[in-house]
Amino acid sequence: MATRRLAPPEVQPKEFAFTAENLAWAKTQIAKYPDGRQASAVIPLLWKAQEQAGGWLPQKAIEHVAGMLGMADIRVLEVATFYTMFNLEPVGKFNVQVCGTTPCVLRGADEIKKICKRRIGDEHHVSADGKLSWVEVECLGACVNAPMVQVNYDFFEDLTPENFEKVLDELQAGRMPKPGTQIDRQFSAPVGGPTTLTDPSIYKKKNGQDAEPVGAALTDDKAKRPGEAANVRDAGTPQAPVADKTAPRGR
Ligand code: FES
């Protein structure tokens, strides 16, 4: 993991401010926290700032968020530099985050990194057509289907040099390939179907009907589809009226 620093001054925009729509969204996030705890909204606000700035966090965006939350710039900078989900330099339209932690390395992540280097260039470099960039990150929590990468909001798992090249081909063509596992399995179920609890008698229905068939390979082409990002579908917590516990009862 390389040291995470702000992008050089020559690529930093001179200013940043939330759009009216994003400002309204930011206010709903801040309103979720009690007075004096507004700093708790720092991560969602940084995330929204990153989206607005084109996928990375300029220094002015970090300072803007600090100002909104009444925090020192250094405190927000600490958060932005700690989490690799915040990109401190410009990224391509598709930013490939390659997991380089032990389970993924044991299952071939080094080959995935070599392909990134050959096809995209050095880490943090944006390809000439602006489509691709890549970076190595720590465990993304999909170790069971290692090795894996995250591209923008989606995971691509069970990678091999062959299927990862195909993923990059699609991205370079401007298309988002099917996310999730890139081999024949459902989510993180065993490849080729269940390997335990396969005795049909345990699935016998109480009414005496036949058991459900077992042993068939679990597949679900539509299991993982790109959806709206969590922070996009998120909405402010409804402010339901709180019952007045001091009010006299029974009246
Ligand atoms: S080690 Fe790669 S996802 Fe956990």
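Student: Is Asp158 buried or exposed?

Tutor: Burial is judged by relative accessible area, where buried means under 20%, exposed means over 50%, and partly exposed lies in between, with a 1.4 Å probe and protein chains only. Asp158, at 4% relative accessibility, counts as buried. Please keep in mind that this is a predicted model, in which local features need pLDDT of at least 70 and side-chain atom pairs count only at pLDDT 80 or more, while totals for chains, interfaces and linings use all residues. Residues are numbered from 1 along each chain as its sequence is written, and side-chain values use heavy atoms, with hydrogens and water left out.

Student: With which residue does Asp158 form a salt bridge?

Tutor: A salt bridge is a side-chain nitrogen of Lys or Arg within 4 Å of a carboxyl oxygen of Asp or Glu. Here the partner of Asp158 is Arg185, with 2.8 Å from N to O. Arg185 sits in the loop between β5 (180–181) and α8 (230–233), whereas Asp158 sits in the loop between β4 (154–157) and α7, so the pair ties together parts that are 27 residues apart in sequence. Arg185 also counts as buried, at 13% relative accessibility.

Student: Where do Arg75 and Glu78 lie, and how far apart are they in the helix?

Tutor: Helices and strands are DSSP runs, numbered from the N terminus, with at least four residues of H or I for a helix and at least two of E for a strand. Arg75 and Glu78 are three residues apart in helix α4, so about one helical turn separates them. Their salt bridge has its closest N and O atoms 2.9 Å apart. Arg75 is partly exposed at 47% relative accessibility, and Glu78 is partly exposed too, with a relative accessible area of 38%.

Student: How many helices and strands does the protein chain have?

Tutor: The protein chain has eight helices and five strands. Read from the N terminus on, the order of these elements is α-α-α-α-β-α-α-β-β-β-α-β-α.

Student: Which residues of helix α6 are buried, and where are they on the helix?

Tutor: To describe a side of a helix, one takes the arc of the directions from the helix axis to the C-beta atoms. In α6 (residues 109–119), the buried residues are Ala109, Ile112, Lys113, Ile115 and Cys116. Because they cover an arc of only 160 degrees around the axis, they lie on the same side of α6. The face turned away from that buried side carries the exposed residues Lys114, Lys117 and Arg118. Contact means heavy atoms within 4.5 Å, and the buried residues of α6 pack against β1, α5 (102–106), β2 (132–137), β3 (149–151) and α7 (161–172). After α6 comes Gly121, whose phi is positive, near 125 degrees.

Student: Which residues touch the most other members of the largest nonpolar core?

Tutor: A nonpolar core is a set of buried Ala, Val, Leu, Ile, Met, Phe, Trp, Tyr and Cys residues joined through side-chain atoms within 4.5 Å. The largest one has 22 residues, and those touching the most other members are Val42, Leu45, Leu46, Leu57, Val65, Leu69 and Val76. Two or more residues are given to this core by each of α1, α2 (42–52), α3 (59–69) and α4. Another core, of 17 residues, lies apart from it and has Ile120, Leu132, Val151 and Val167 among its members. Returning to Val76, and leaving aside its neighbours within four places in sequence, we find contacts with Val42, Leu46, Ile62, Val65, Ala66 and Met71.

Student: What does Leu6 touch?

Tutor: Leu6, found in the segment before α1 (20–30), touches Gln12, Gln59, Ile62, Leu77 and Leu88, when residues up to four places away in sequence are not counted. The C-alpha atoms of Leu6 and Thr81 are separated by 8.1 Å, although these residues are 75 residues apart along the chain. Leu6 is partly exposed, with a relative accessible area of 26%.
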